[in-house]
Amino acid sequence: MAERYYYSIASGSTGNCGLYMADGTAILIDLGVSLRKITTALAGLGLGLADISAVLLTHEHIDHVKGLPMFLKKAKAPVFASHGTAEALAAKEPSCADRLNEFDSGEAFWVRNVDIATFATPHDAAESVGYILEHGSHRFGFATDLGFVPREAADLLRGCETVVLESNHDPHMLQAGPYPYTLKMRVAGPAGHLSNPDCAVFAADLVRHGTRNLVLAHLSEKNNMPALALQQTVSALHGLPDCAVQVAPRDGMDAPVLFGEEALCSLSG
């Protein structure tokens with residue numbers, strides 16, 4: 001297995017969890033599925049809970065923290081969350097409070113040999129954040145659950161060689177779909193989720209600034225299709241420097257996304 005990679009364990013409306021690996025430092029981003037599913041995925045990569053160096057939570061919604069209570073019982077790795085996220089989680093489950101390492105959005109910290117920067121994301125949560133993880137010369141960006149891409153987030157994500165970026169919904173499918181009107185407005189609003197067209201526009205901006213690996217994530221099960229999300233972004237990158245684009249599937253990836261000079265394992269859906 002490559003020393004540096006990203007592996008999506010789950011991605012979408014029903015649960016989100018990913019693994020970032022850099023030279024022995026294993027960091028889980030979100031715990032939105034059962035601990036059993038997480039441990040099964042880790043085992044497939046030759047890892048166990050004892051190998052996890054840290055967990056980074058983006059926000060407190062259930063599709064990002066479903067597996068947190070059991071993880072806290074079974075694992076010793078530190079769990080990082082913004083102050084707002086930590087307060088929201090502690091209000092629901094007071095026993096979580098003592099295990100959460102809190103930070104302000106915009107604050108930076110480190111986990112072993114990985115430098116981590118945080119940035120606020122516009123989402124209807126207590127204090128939703130995204131992350132930049134830097135190891136050596138490689139910068140990795142993670143940005144999901146955002147109604148739009150704020151300037152500060154964009155500035156941090158530019159220059160990341162690998163970016164996991166939300167491509168949540170197709171606007172036409174959302175409007176014609178089964179959601180009630182209020183939920184449609186929430187999803188499409190500035191504190192909701194990034195659409196395929198908005199993702200594609202920002203993806204082109206990222207590629208102009210050095211991004212060479214893109215993973216489209218957090219696709220809606222009812223309001224999107226992997227082929228639509230992929231086609232929209234790939235079309236927006238026409239004529240730009242080469243960039244490998246793939247869609248994070250609802251369940252685990254077939255193979256990790258390799259960083260640096262390693263070949264990118266291609267996956268389209």
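On a 1 Å grid laid over the protein atoms alone, a pocket is an open set of points with protein on both sides within 12 Å along at least five of seven lines, a cavity is a set of points where a 1.4 Å probe fits but cannot get out, and lining residues have an atom within 4 Å of a point. This is a predicted model, in which local features need pLDDT of at least 70 and side-chain atom pairs count only at pLDDT 80 or more, while totals for chains, interfaces and linings use all residues. Residues are numbered from 1 along each chain as its sequence is written, and side-chain values use heavy atoms, with hydrogens and water left out.

The largest pocket is lined by 14 residues, and S13, Y179, R186, H193 and H218 are those that lie nearest its centre. Its space comes to about 180 Å³, where grid points are joined across faces, edges and corners and a volume is the space filled by probe spheres set on the points. Helix α7 (residues 181-188) gives the largest share of this lining, 3 residues; helices (H or I, at least four residues) and strands (E, at least two) are DSSP runs, numbered from the N terminus. By class, the pocket lining has 3 nonpolar, 8 polar and 3 charged residues. In this scheme Ala, Val, Leu, Ile, Met, Phe, Trp, Tyr, Cys and Pro count as nonpolar, Asp, Glu, Lys and Arg as charged, and the others, Gly among them, as polar.

H218, one of the residues nearest the pocket centre, sits in the loop between β12 (213-217) and α9 (226-236). With a relative accessible area of 3%, H218 is buried; buried means under 20% relative accessible area, exposed over 50%, and partly exposed in between, for a 1.4 Å probe and protein chains only. H218 also has a positive phi of about 55°, although it is not a glycine. Most residues other than glycine have a negative phi.

A positive phi also occurs at R112, where the value is near 55°. R112 is found in the loop between β7 and β8, and at 54% relative accessibility it counts as exposed. The hairpin of β7 and β8 has 2 residues between the strands. Strand β7 (residues 108-111) and strand β8 (residues 114-120) run antiparallel and are joined by 4 bridges; two strands pair if DSSP finds at least two bridges between them. W110 has D115 in β8 as its bridge partner. In a regular strand the side chains alternate between the two faces of the sheet.

Strand β4 (residues 52-56) has 5 of its 5 residues buried, so it is largely enclosed by the rest of the structure. Strand β3 (residues 25-29) runs parallel to β4, with 4 bridges between them, and I27 stands opposite A54 in β4.

The structure holds 1 cavity of 30 Å³ or more. About 80 Å³ of space lies in the largest cavity. Its lining has 16 residues, of which Y6, A10, S11, N16 and F142 lie nearest the centre. The elements that give two or more residues to this lining are β1 (4-10) and β2 (17-22), and β1 supplies the largest share, 3 residues. The cavity lining divides into 8 nonpolar, 7 polar and 1 charged.

Aromatic pairs are the last topic. Rings of Phe, Tyr and Trp (its six-membered ring) pair if their centres lie within 6.5 Å, and planes under 30 degrees apart count as stacked, over 60 as edge-to-face and the rest as tilted. By this rule the count comes to 7 aromatic pairs. The rings of Y6 and F140 have centres 5.3 Å apart and planes at 35°, so this pair is tilted. Y6 lies in strand β1 and F140 in strand β10 (residues 138-143), so the pair ties together parts that are 134 residues apart in sequence. Y6 counts as buried at 3% relative accessibility, and F140 counts as buried at 0%. F103 and Y131 form an edge-to-face pair, 6.2 Å centre to centre with 70° between the planes. Ring pairs also link Y6, Y20, F140 and F259 into a cluster.
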